[in-house]
Amino acid sequence: MVQITCYGGVSEIGGNKVLLEDDQARFLFDFGTAFGRYRNFFNEYLRPRPSRGLLDPLSLGLLPPLKGLYRDDLTPPNLWKRFQNLSFYREMERQGAPAVDAVLVSHAHLDHNGDLAYLDPAIPIGCTRATAFIARAMQLAGRSDFDQEVSFVSLRAWNDREQALKGQSGSPRQIRACIFLDGLPEGEADPWWKSSLPASQTTLLHPQVGFQGRIAGHEVRWWPVDHSIPGAAAFALQTSAGWVAYSGDLRFHGQHGQGMERVVQEMADLKPAVLIGEGTYLEDTPPLSEAEVAEAAGRLIRGAAGRLVVADFAPRNVERLQTFLRLAGALGRQLLIQPKDALLLEALSLADPCAFPDPLTFPHLALYADPKSAPRKWEQDVRKRWQARTVAPQHVSAGPGDYILCFSLWDANDLLDLEGIADGLYLYSNSRAYDEEQAVDLERLRNWVGHVGLRLEGDPDDPKAARLHSSGHASGPQLLDFVQRVHPQMFIPIHTEQPEWWEKKLAGSGIQVVRPEVGRPIVL
Ligand SMILES: [Zn+2]
């Protein structure tokens, strides 16, 4: 029997957790954080308690009650007794094998991979090298909390006396099992993947399996797709009820838009029984292309000769970084990136050196190093490697017109180190605010920008402002065309707030739309 159960991404954008079962075989498509629901309970300061492990996210319904799926070391004694009466509680343990054969992770945005942090590290993560390496770089440069352990885990132990889970310094670390869909890391990438963990005598390594097209006896296809992060993929898995395809997040108007035609055709050739697909942005207006963003930003930067330009874009939007890098080269400026950006570019050049050459070979790229008393180990290493390519605040103050500085709200304090930047430009190259918290942050950003005398461009709330952002998602008509051309027998809309939109649009198309419900299996 084949069944599909959605535990996240149901009438919400992100948090995708889709379980596909074919008899004994089990697969997950993504295991992301549902930020909408997460923010109903938590913020930056109020967070799940490490000492309670799985208790907080399970109690709040942020993780499905699937016993056997999660890290043993995050499971306090008697945890599952509390959840046994929940309607979709299940015992998933299997003798001699992890509870799931693989989690196919579409890309390294946290709404698709964030909750991997809680999963049993023996469950193999199937993804592209770029996705795996981005996740590693993010974890190395991020907070070292237990709920950030997407790529490797620091094992905890239950402390009987204190009745709490504890991570001790020097506790064993374990890399999550990984199936690299596009081949094993080679050359320098191999030792980086295995040993770029913080020094630990007891690092455990899982064997990495080269992808051979089958997982747990099931044929798997994957395609690179166009999205606002490198390494994004769509999947299809052969089951006894036919092919089940999963779109991940996608668009047709970015750098890899042209490759999408092949994806559509090959997916359609499988004549899938089911397509599980995203519907983030169902508007009719065609999204701005990356080329249009480059043109608008270029015009503004050209008009700001001799003055500082700040570029603010999403941290993993490498395509946008490349856009600003090209503009910097063309307009005689240097693009100054943050240490975490440098680490990300280094990781990508290890994962995929053809697509991402060594960032230290780009003449218009340099590291912005603000004074810090004690940078963390990863940052010290980055600063060392980029020593000859480092620009300090005093250099920017001395010649603000020579630079495009990559900053965001989280770097706003550092604007105070700079002098002579009044009348410069702050290019806001991000999406509009989607919730109250983001709206407050945007207001805070306006305050900072105004305070230091920069001119804000690209404000998404100002209808007259230049448009400086290209969405990571296709428009409604584009997605509809995609689904109609793939033409599955059944379409399951996820990662959307409007599943009913699909029922209306696909009525009479011969494609059955099945709206998922959390925890309720859809039997094929
Ligand atoms: Zn997403």
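In this predicted model, a zinc ion is coordinated by Asp111 (OD), His112 (NE2), Asp249 (OD) and His495 (NE2).

**The zinc site**
- Along the sequence, the donor residues follow the spacing D-H-x136-D-x245-H.
- Aspartate 249 and histidine 495 link distant parts of the chain, being 246 residues apart.
- Aspartate 249 sits in the loop between strand E17 (242–246) and helix H6 (260–269), and its relative accessible area of 2% makes it buried.
- Histidine 495 belongs to the loop between strand E26 (490–494) and helix H14 (499–505), and at 1% relative accessibility it also counts as buried.
- The arrangement of the four donor atoms is irregular because they subtend angles of 86 to 169° at the zinc ion, whereas a tetrahedral assignment would require all angles to lie between 85 and 135 degrees.

**Residues with a positive phi**
- Most residues other than glycine have a negative phi.
- Asparagine 78, although not a glycine, has a positive phi of about 65°.
- Asparagine 78 is located in the loop between strand E4 (66–67) and strand E5 (90–91), and it counts as exposed at 57% relative accessibility.
- Alanine 216, a residue other than glycine, likewise has a positive phi, near 50°.
- Alanine 216 lies in the loop between strand E14 (214–215) and strand E15 (218–224), and it is partly exposed, with a relative accessible area of 43%.

Key:
Residues are numbered from 1 along each chain as its sequence is written. This is a predicted model: local features need pLDDT of at least 70, side-chain atom pairs count only at pLDDT 80 or more; totals for chains, interfaces and linings use all residues. Side-chain values use heavy atoms; hydrogens and water are left out. Helices (H or I, at least four residues) and strands (E, at least two) are DSSP runs, numbered from the N terminus. Buried means under 20% relative accessible area, exposed over 50%, partly exposed in between (1.4 Å probe, protein chains only). Donors are N, O and S atoms within 2.8 Å of the metal (3.2 Å for Na, K and Ca); water is not among the atoms, so sites may look incomplete. Four donors count as tetrahedral if all angles lie between 85 and 135 degrees; four count as square planar and six as octahedral if opposite donors are over 155 degrees apart and all others between 65 and 115; anything else is irregular.
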